[in-house]
Amino acid sequence: MLYVSDIISRFNGKLLCGDENMILDNFCKDTRIIKNGDIYVGIKGESFDGNNFYADAFDKGAKACILDNTTLVDTDRYGDKTIILVDNTLECIGKLAKYKRSLLNIPVVAITGSVGKTSTKDMVASVLSTKYKVLKTEGNNNNNIGLPFTILRYKDEDVMVIEMGMNHFGEISYLTDIVNPNMAVISNIGMSHIENLGSMENIFNAKMEITKNFNLNNVLFVNGDDPYLKRVKDRHPLYRVYTYGFNKGNDIYCTNYVIEKDHIDFTVVFNYTEEYFTIPSIAKHNIYNAMAAILVGRMLDIPMPKIKEGLKNFTITKGRLTIINKKYLTIIDDTYNASLDSVKNSLSLL
């Protein structure tokens, strides 16, 4: 449980009015979707200040507000509510999420990569949900704003599957400090955000920030066909590394696949044994993501039949190479991302 008093004692918060023993749960930063009993967090954006909507949040049923600008706060009108003042709401929500994560003794799988991380997250979560109760990143909430809110949604789940995005050095490092993952997956190193990072080597180094706190108890899963990621094992890191891909040198590798009208059947070799899988996708690169999910599933003791069930039934997040069939028309919806690698994959599928 998190309490108002935690913000006051740990993060230099000030209680303007209300109950310092109130439990903090169901955090929300958008008054359009806020529900009765939520905790509203006023965050400054590029074109708006979320602090200005605190009254709207209370009127819609919020039981408390966390703000960093109280010049417009009417404590006379809302004196019966709980209002907490902090130095910076975005920093506070990150610290709260990090603190909450520190209280949890559950496996956390972090996923990053230039492309494919959302599909990988969906597959991993689907596989793990065949045995565990899973908390996963919803939509594209994978940055310094969305990720803390995901951690703070935790109730009683057995495992977390957390997606991490970035476009500059240091961002994965910041998110890793909050999440403190036991395991991580890096899907690939592509051209995304090369305008900010300058080179593929720099993109690789930025993605590898996900391992900054790793030791012998941690595990990293990487695409062993990727020219940058395949070098990780050769560095003899102080953590375990497993690779996946189509090349036989990987710990799990695909030997055959058949693309059907609405799915792919494929064969992998894992621990010297052939296994057969089906995924509801016709994009070849999703075989990579599926193999990552297989490795994570086995690491968390999911039986192979359950892994096959999880992969067969996973749902692709909207806008990530989803196929829409109309009477006379097939639409490939890859509208979420327009990086060079994503466009190449879309054209290959077309």
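**Ground rules.** I number residues from 1 along each chain as its sequence is written, and the model is predicted, with local features needing pLDDT of at least 70, side-chain atom pairs counting only at pLDDT 80 or more, and totals for chains, interfaces and linings using all residues. Side-chain values use heavy atoms, with hydrogens and water left out.

I looked up the strand order first. Helices (H or I, at least four residues) and strands (E, at least two) are DSSP runs numbered from the N terminus, and two strands pair if DSSP finds at least two bridges between them. I found an open sheet of nine strands in the order 9-10-8-11-12-13-14-15-16, with mixed pairing. Strand 9 (134-136) and strand 16 (273-279) are at the edges with a single partner strand each, so one side of each has no neighbour in the sheet. On average, neighbouring strands here are turned by 20° against each other, direction ignored; axes are lines fitted to C-alpha atoms, for helices over the stretch in contact, and angles run from 0 to 180 degrees between N-to-C directions.

Next I checked strand 14 (residues 252-259) and strand 15 (residues 264-270): they run antiparallel and are joined by seven bridges. Tyr257 has Phe266 of strand 15 as its bridge partner. Helix 10 (residues 304-312) packs on this sheet and touches strand 15 and strand 16, its direction making about 25° with that of strand 16; contact means heavy atoms within 4.5 Å.

Strand 4 pairs with strand 5 (residues 39-41) in the parallel sense over two bridges, and Phe27 has Ile39 in strand 5 as its bridge partner.

Strand 17 (residues 322-325) and strand 18 (residues 330-333) pair in the antiparallel sense over four bridges. They form a hairpin with four residues between them, and Asn325 stands opposite Thr330 in strand 18.

My search of the whole structure gave 10 aromatic pairs. Rings of Phe, Tyr and Trp (its six-membered ring) pair if their centres lie within 6.5 Å, and planes under 30 degrees apart count as stacked, over 60 as edge-to-face and the rest as tilted. I picked out Phe58 and Tyr78, a stacked pair at 5.1 Å centre to centre with 25° between the planes. Phe58 lies in helix 2 (residues 54-59) and Tyr78 in the loop between strand 6 (64-67) and strand 7 (82-85), so the pair ties together parts that are 20 residues apart in sequence.
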